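The sequence and structure are shown first.

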Amino acid sequence: MSDLPSAIHPDILPRLDPEYVAIHNAHMAHRVPPHIIPWHPDIRKVPYIPGSSPVSTVGAVKDISLQNCNIRAFIPEGTPPPEGWPVLLYIHGGGWTIGNINSNSSFISRQCKENNCVALALDYRLAPEIPYPAAVEDTVDAVKFIYYNGKAEFNANVNKIAVSGMSSGGNLAAIVCLKAQELTNPIPIIFQLLIVPVIDNTASAADERYPSWKECQNTVWLSEGQMLWARNNYLPDPATWPEPDSSPIFASDALLAKVPPTYIGVCELDVLRDEGIAYGKKLESLGVKVEVKVYPRAPHLILGLDAVLKVGKQLVDDAIKAVGDAFEAA
């Protein structure tokens, strides 16, 4: 095994997509993983891995400040339909600790352009400075803003709101679909797109419920150590780990049965793979329309590699189609 700080572990190397191996060795192997060094906010300044498609040209981009967070709206070109543009709220990943409003702009702008929807990026408050439940509160606030102000702000059809997120953002997307039902005036969400989501914050490599945690504990980002680092930043009190607002799989069956149609994309070489699959099975058992897809030989971080990785392009293409199909069906 190489002595580079993020060298690919020999347990994982033969199983990884060779295209990803080349990208990792060129851009990731030399980076020091954040979970093995003391926390400092400068960790957030590490450059993203190059490999995403260019940001698509859209009609307008509008930044809006909410009470504790910000959103950025990518608005389509042309005239909105009479009922307004459908809306997709996207929530970035980064272990609730890193990432910002610029994360995944390529993906969000493509959703806007190809699905003729207002696609919004959420810049939620980050741990460890502001831990749980701040990110949940910001996500709920964003959905409420869209529902009550979206028509005036960006010609939204507030009866066609979908939510999406990657990793920790997928966790927040799943949770807001539950919490939107519990509001005094419930907000309808028509679809959730969960990409490599965190579903169960009680999971570990010793957990027989989710074999991927042990099988992939030495994988490239996201390894067991990296996931536990993120969890401890965001959820410093273990008593909060099984709460439905941090682990949506523990919500009541009554709430879970009312979530909207769902697409869950997981990666074969990701510790989070099996909890995403388990969430899909649980929702399906309660009557929710669910599609789960496993992306073979892929690690956690492929959403931003769609220009250089075939499996990354497939994930992005599938995600865009899933959202478009949901808007057409609604």
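## Fold and contacts

Of the contacts in the protein with a separation of 6 or more, 75% are between residues 24 or more positions apart; contact means heavy atoms within 4.5 Å. This is a predicted model, in which local features need pLDDT of at least 70 and side-chain atom pairs count only at pLDDT 80 or more, while totals for chains, interfaces and linings use all residues. Residues are numbered from 1 along each chain as its sequence is written, and side-chain values use heavy atoms, with hydrogens and water left out.

The secondary structure comprises nine helices and eight strands, taken as DSSP runs numbered from the N terminus (helices: H or I, at least four residues; strands: E, at least two). The protein is as compact as a globular protein of its length, because its radius of gyration of 19 Å is close to the 20 Å that the globule rule gives for 330 residues. That radius is taken over C-alpha atoms, and the rule is 2.2 Å times the number of residues to the power 0.38. The C-alpha trace spans about 60 × 40 × 35 Å along its principal axes.

## Cysteines

The structure holds zero disulfides, a disulfide being a pair of cysteine sulfur atoms within 2.5 Å.

| Cysteine | Closest cysteine sulfur | Sulfur distance | Relative accessible area |
|---|---|---|---|
| Cys117 | Cys112 | 5.9 Å | 0% |
| Cys216 | Cys267 | 10 Å | 0% |

Cys117 is too far from Cys112 for a bond, and Cys216 is likewise too far from Cys267.

## Leu256

Leu256 belongs to helix H7 (residues 253–256) and is buried, at 0% relative accessibility. Beyond its neighbours within four places in sequence, Leu256 has contacts that include Leu178, Tyr279, Leu283 and Val288. Ala162 is 94 residues from Leu256 in sequence and 16 Å from Leu256 in space, C-alpha to C-alpha.

Key. Buried means under 20% relative accessible area, exposed over 50%, partly exposed in between (1.4 Å probe, protein chains only).
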